[in-house]
Amino acid sequence: MSPFAGFDMPISYEGIEAEHRAVRQAVGVFDVSHMGEVLVTGPQAQMFVNYIFTGDVTPLAPGKVIYGMMLNERGGTVDDLLVYKCSDNEFLLVINAANIDKDVDWIRTHAAKYDVTVDNQSDSWAELAVQGPQAEATMRDVLGIDCSDLTFYTFKNITMPDGTAAIVSRTGYTGEDGFELYATPGVIVDAWDRLMSAGVAPCGLGCRDTLRFEAGLPLYGDELTDDISPLEAGLGMFAKVDKPDEYIGREALAAQKAEGLRRKAVGLEVEGRAIPRHGYEVLDSEGNVVGEVTTGYHSITLDRNLAMALVDARFATLDTPLQVQVRRKVFPARVIKKRFYTPNYKK
């Protein structure tokens, strides 16, 4: 267990490697009740969400989910989040736990100009993430929830056996098929107990990080920060500068794109037995510091020492030779694609 964002969070139960393999090969469940949920409602809800969010929610049909970012005026990332479109007048924003207070203050500040209500419902919701190739069957057979009608990045409202409302979606953060169940804390405790009785592997934050890392998915605080833009992080497809509606930070992104990025996120494969970690320096062939590791692991699935790093754009080309400073030693590395593992989402 470890403190995180005001919660005591499980790092692992049986062990990170066993939990990682359970999700890749079968199914695992994560208690992610620490995530934040903010409901935006009102006649100008769609206009407002489009203003604070990089994605375009206007063409989305109700029941769709979209990933994107909220940016500051400099183009840095306030947070990355999921937006659930309930209707043109109602949106659920799912934000990172460590950013809840910051995000809610930021959202409310900008909401003052719009006819909307911002309701921080984070303490009212709990959430489970059921992930892996057997996730759909587990949701059906153990929890009695038919998810076969959900496609990737969609959700639906359901009624739980106790009569309370809940939401189930199909997004995932592991590179595998997966579902999220949002409900009252009591319902989630009951669902967790049923999953445990059925033998579903409980999974902690440790393997959640190793799984998302292999699939090339960012973690706020590592690949994205207030000082790292989506373009620098290689996530430009989620923050397009030609979005029809204006959004906070778009002008800064357009300037970055026009001038050319000074730094870029890359994947690295490191030779030898060294495991790169967050914050380790990345060097060029002459020993000059040209970046730093944002996340690094010995990949459990691929059995290779890999890292994501933010480096000087001059060194971001595939197969560029680099080095990583690991404590007192320097280890050879080369630039590879950031998505180390091919995801198995159900499209």
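This is a predicted model: local features need pLDDT of at least 70, side-chain atom pairs count only at pLDDT 80 or more; totals for chains, interfaces and linings use all residues.
The largest pocket holds about 1,200 Å³ of space. Its lining consists of 47 residues, and those closest to the centre are Tyr 67, Asp 80, Tyr 173, Leu 217 and Pro 218. By type, the lining divides into 28 nonpolar, ten polar and nine charged residues. Several elements supply at least two lining residues each, among them β1 (2-4), β6 (77-87), β9 (126-131) and α6 (205-214).

I turn now to the interior. In soluble globular proteins, nonpolar side chains tend to be buried together. Here, the largest nonpolar core has 32 residues, and the members that touch the most others are Phe 30, Tyr 67, Leu 82, Tyr 84, Val 94, Ile 167 and Leu 224. At least two core residues come from each of β5 (65-71), β6, β7 and α6, with β5 giving the largest share, four residues.

Beyond its neighbours within four places in sequence, Phe 30 is in contact with residues including Val 23, Leu 128, Trp 192, Cys 207 and Leu 211. A second, separate core of 26 residues includes Met 70, Val 78, Val 104 and Tyr 114.

Finally, I come to Asn 288, in the loop between β15 (281-283) and β16 (289-298). Is this residue buried, exposed or partly exposed? Asn 288 counts as partly exposed because its relative accessible area is 39%, which lies between the cut-offs of 20% and 50%. Not counting residues up to four places away in sequence, Asn 288 touches Val 282 and Leu 283. Leu 322 is 34 residues from Asn 288 in sequence, and their C-alpha atoms are 9.9 Å apart.

Technical notes:
Residues are numbered from 1 along each chain as its sequence is written. Side-chain values use heavy atoms; hydrogens and water are left out. On a 1 Å grid over the protein atoms alone, a cavity is a set of points where a 1.4 Å probe fits but cannot get out, and a pocket is an open set with protein on both sides within 12 Å along at least five of seven lines; lining residues have an atom within 4 Å of a point. Grid points are joined across faces, edges and corners, and a volume is the space filled by probe spheres set on the points. Ala, Val, Leu, Ile, Met, Phe, Trp, Tyr, Cys and Pro count as nonpolar, Asp, Glu, Lys and Arg as charged, and the others, Gly among them, as polar. A nonpolar core is a set of buried Ala, Val, Leu, Ile, Met, Phe, Trp, Tyr and Cys residues joined through side-chain atoms within 4.5 Å. Buried means under 20% relative accessible area, exposed over 50%, partly exposed in between (1.4 Å probe, protein chains only). Contact means heavy atoms within 4.5 Å.
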